[in-house]
Amino acid sequence: MKPNSGTLVINIMNGGKAEAYEGVYQCTARNERGAAISNNIVIRPSRSPLWTKEKLEPNQVREGDSLVLHCRPPVGLPPPIIFWMDNAFQRLPQSERVSQGLNGDLYFSNVQPEDTREDYICYARFNHTQTIQQKQPISVKVFSMDSLNDTIAANLSDTDIYGAKPVTERQPVLLTPTGSTSTKVELRGNVLLLECIAAGLPTPVIRWIKEGGELPANRTFFENFKKTLKIIDVSEADSGNYKCIARNILGSAHHVISVTVKAAPYWITAPRNLVLSPGEDGTLICRANGNPKPNISWLANGVPIAIAPEDPSRKVDGDTIIFSHVQERSSAVYQCNASNEYGYLLANAFVNVLAEPPRILTSANKLYQVISDSPALLDCAYFGSPKPEIEWFKGVKGSILRGNEYIFHDNGTLEIPVAQKDSTGTYTCVARNELGKIQNEVQLEVKDPTMIIKQPEYKVVQRYGHVSFECIIKHDSTLLPTVIWLKDNDELPDDERFLVGKDNLTIMNVTDRDDGTYTCIVNTTLDSVSASAVLTVVARPNPPFDLELTGQLERSVELSWIPGDENNSPITNFVIEYEDGLHEPGVWHYQTEVPGTQTTVQLKLSPYVNYSFRVIAVNEIGRSQPSEPSEQYLTKSANPDENPSNVQGIGSEPDNLVITWESLKGFQSNGPGLQYKVSWRQKDVDDEWTSVIVANVSKYIVSGTPTFVPYEIKVQALNDLGYAPEPSEVIGHSGEDLPMVAPGNVQVHVVNSTLAKVHWDPVPLKTVRGHLQGYKVYYWKVQSLSRRSRRHVEKKILTFRGNKTFGMLPGLEPYSSYKLNVRVVNGKGEGPASPDKVFKTPEGVPSSPSFLKITNPTLDSLTLEWGSPTHPNGVLTSYILKFQPINNTHELGPLVEIRIPANESSLILKNLNYSTRYKFYFNAQTSVGSGSQITEEAVTIMDEVQPLYPRIRNVTTAAAETYANISWEYEGPDHANFYVEYGVAGSKEDWKKEIVNGSRSFFVLKGLTPGTAYKVRVGAEGLSGFRSSEDVFETGPAMASRQVDIATQGWFIGLMCAVALLILILLIVCFIRRNKGGKYPVKEKEDAHADPEIQPMKEDDGTFGEYSDAEDHKPLKKGSRTPSDRTVKKEDSDDSLVDYGEGVNGQFNEDGSFIGQYSGKKEKEPAEGNESSEAPSPVNAMNSFV
């Protein structure tokens, strides 16, 4: 026996026989408290005896009969494993006809000639001794009916009747088990094996049923070709009658096996150790079951309890021992034995009578950490006798814990099913019995759970792209999380393409192998969370392969292919292309396309084409690479199927006809030698067709034709095999010539002052000598009737398509004289002009006066000066002046109206109130009506010292189609910031506001609608309620004909050159005078005013400063001193650049700058700043220095 151990070692390696140790062993363990015993241990040596010698006769059997070869192995310990082999150590084949039984015998349901052999050998393998025993070979000889009849015939005389019956079929007969019924006993928990082997011809089929019930599911198996029924883990419920049925075509046989399941004893309640304190009561219970029912017996310290020492506190009651008022001497080890004929159970249980004060086994101040909303288990392992009572407290002076929010386990553990943050704290466990009391404190910390607040999402990415999965977490600040990424529940590949960041995983250059499920796992010491997402890698499909041509016909062929991998994106369609190796080798053309579910297509073919085909797969990602080309297929030649398309006949000269067509492509020729037969004849003339055959070209010219006559034309294709079908005819025309006559009876009807309607008679179609395209109306302004001054003639053109005989002339100037003529147009050009027709436009309303100035304010009078309208549009009849006072709250007083003769240009208003602001409205009139008004404000003075009131006056506008130039005059403090407000006249919409850059006194409004009336006013920032009066202007209508750029006119170029030369001379003179030390008027004004805004030259834009001499009539800039008369004189000439402009009012360049202000009509500062980025024109410079 091993030292300090109960293990018994039997060693026979150094001698001795195993048989000497055969027997039953039992172990007993003993101390002063009692003795415990083990189960019986049986030792038996393994045996592998030899086969008994026996004389084996050869087995001679008739074909079709049954046969059993007996094995009868020697009895070994444990039993051997049986198998049948031949002399070559090859297992004999088994089947439904030939199989081995559970007892080791070999059964033949019926023998066949091929069963004849002399080496049927039964082997027994003894695993414990690792030996195999062999039975002597058994010989089997099968006689067929034919050979048996021959043998019988040789042994009988001719007179005997002989003859064996042929092989006959037989109904099944059971070889094992025998009889109709048998019994089988099996123990509970073992494997039940039932066997039925039948003889018969044909070979019977075995079927199993349980009478009065079903075979147990999941525990029933069939082996040995269903000849063996196997039920595992049997129980008493498996008892019953099992029937095996052997059946062939001749009938059936059956056998009933009555199965009884017995049971060795098994525990219902095994005795458990009992710890009692002196004076307590207790019981030991030993309950077992079995079949038959086991017998229960008790032992004390290994001795049957009947002969064990007496104990007055003990009483045996069958399977129970009852203890009453135990004392310490009652301690002992009791054994319970439950046995029946199939086995026994033995269990030890001690009864320990102790008197011990409580002890707590859990370490003091143990720290427990849990996650919020999860259970918390606080241990309080204890020991004591009697059994201590356990109580829990929270905090130093907390009350005892009770209620449904806590669970108190028998082992002392306190369970908080759902721990919250406020569950954190100190918990005290108190254990007490009648011998004493002890307590222990533990700490509980509740942490915030770890959460993935941004989980990875399903991704679809194209091959070689990159993808990123996010995994953003939130965790308790006292816990240190670790993030692990898995692919398909395994580690990430060791690849530098996988970049793991703080809160994401990025995969670069994605490949197909990256497909899969990616999982983000976040671990802390207390919890773990995870989230997964699937990555699908998509790409263009792989190209199709294995292209095959079948069913080749002259005009069709069937193409089939195998699709390539679709790469996770379904193929939507296949595109089939072809190459014509005969006419265009290396060039692939579109043939057709089919849905992605189709892998064959019938293709239409053309003659005389050497076809090769390829297939391209298409999915949502894109097109695959083309497949490898198919084999070539050359179709036979044939006549052309079609003729050239787009046949036309158009003359390039008055005496020819050019016939053109689109040539057939190579595959359309259908054969070699492609040519064209070109035919033509004059239409509506009884002529024969003229034909010519030309080579493979696309044009033929017919010369010597009449001018512009219709021809019938046709072009037919032909090749070496013949002609194409008869072509259709088209109508063409020979060449055009210029029209011969002008339109007649030209009449003009003046609709209003800006619109006229012109009529004419159409020219005869024969004189057009071509395709009539329309008529052109040339018109131009001769002179303005109000000024009686001629102007540069600029002709405008309006084209009217088709056979129109009238048209509208928009954009005319009122009260002007015009001329026009009309010409017919064909494809060759214009015909002669009709005689000039003169017409006049009536008067219209005038534009607003060019300016309104209010000067010489006194206590009771103001002087008004004005300029005549820039566009009087007729004869002025008078001016209308309206004015009214404005009080301090900007309320208007009564309105006074004065009519002023048209030849006046100034007026002194008297008898006004002193120190009063007045608002003036001023406009001109013709016989048609009043024009646009101009407004201004002025204040009479309080005393003779004139105060400087800030004011904005003389707001003037000059409008084009989509923009308008707004200018004004300002008097008041320096450095005012201006803004312009505007809106559609008569509209209730809010005013639109534009900020003026800097302190200049002009602004260009852009983006206006042509032909629309607008209202405008100017204000100053920072001066509450200080703004100009309103002005109204109208943008011009969209021009009907293309305008000519003024900068391209010869007169304008010459004028600009003269101005440039004059400026150069003036600069030289100024430079000479300055070097001589003399002063000149400009220098004197510069010294006198010292205006900070007036510089000799601005370095930022290169423009010249705003010098003025005594003869300069431009208004001074704000902040400069006003001339004594506060007037600006008009130039002597009434003509201006306006008269030669091409806008509606002729006042703008292409960039919107205002030319009119430099032409003598209105003097303003040159435009600069954001509204115009162009450098100042020579006109500006002229106005500044001349």
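Across the whole structure, a search finds 30 salt bridges, a salt bridge being a side-chain nitrogen of Lys or Arg within 4 Å of a carboxyl oxygen of Asp or Glu. Please bear in mind that this is a predicted model, in which local features need pLDDT of at least 70 and side-chain atom pairs count only at pLDDT 80 or more, while totals for chains, interfaces and linings use all residues. Residues are numbered from 1 along each chain as its sequence is written, and side-chain values use heavy atoms, with hydrogens and water left out.

Let me begin with Asp86, which forms a salt bridge with Arg117; their closest N and O atoms are 3.3 Å apart. Asp86 sits in the loop between strand E7 (81-85) and E8, and Arg117 in strand E10 (residues 117-126), so this pair ties together parts that are 31 residues apart in sequence. Helices (H or I, at least four residues) and strands (E, at least two) are DSSP runs, numbered from the N terminus. Asp86 counts as buried at 11% relative accessibility, whereas Arg117 is partly exposed at 27%. In these terms, buried means under 20% relative accessible area, exposed over 50%, and partly exposed in between, with a 1.4 Å probe and protein chains only.

A second example is Glu391, whose salt bridge with Arg432 has its closest N and O atoms 2.7 Å apart. This pair links distant parts of the chain, with Glu391 in strand E35 (residues 389-394) and Arg432 in strand E38 (residues 425-433), 41 residues apart. Glu391 is partly exposed, with a relative accessible area of 22%, and Arg432 is partly exposed, at 29%.

Asp448 is partly exposed at 34%, and Lys421 is partly exposed at 42%. Salt bridges that share partners also join Asp86, Arg117 and Asp119 into one network.

Asp105 is placed in the loop between strand E8 (98-100) and strand E9 (106-108). Its side chain makes a polar contact with the side chain of His70 at 3.0 Å. A polar contact is a pair of N or O atoms within 3.5 Å; within protein, one must be able to donate a hydrogen and the other to accept it, and residues adjacent in sequence count only if both atoms are side-chain atoms. Beyond four places in sequence, Asp105 is in contact (heavy atoms within 4.5 Å) with residues including Cys71, Trp84 and Ser99.

I turn now to the cysteines. The count comes to five disulfides, each defined as a pair of cysteine sulfur atoms within 2.5 Å. Cys71 and Cys122 form one of them, with their sulfur atoms 1.9 Å apart. Cys71 lies in the loop between strand E6 (67-69) and E7, and Cys122 in strand E10, so the pair ties together parts 51 residues apart in sequence. Cys71 is buried at 0%, and Cys122 is buried at 0%.

Cys286 is joined to Cys336 by a disulfide, S to S 1.6 Å. The torsion about this S-S bond is about -70°, so the disulfide is left-handed. Another disulfide is formed by Cys471 and Cys520, with sulfur atoms 1.9 Å apart; this link is left-handed too, with -70° about the S-S bond. With the bonded cysteines of the protein numbered in sequence order, the pairing is 1-2, 3-4, 5-6, 7-8, 9-10.

I close with confidence. The protein averages a pLDDT of 84, and 86% of the residues score at least 70; pLDDT is the predictor's confidence in each residue, from 0 to 100. Over residues 157-164 the pLDDT is below 50, and this stretch has nine contacts beyond near neighbours in sequence. Over residues 1077-1186 the pLDDT stays under 50, and the model has 198 contacts beyond four places in sequence for them.
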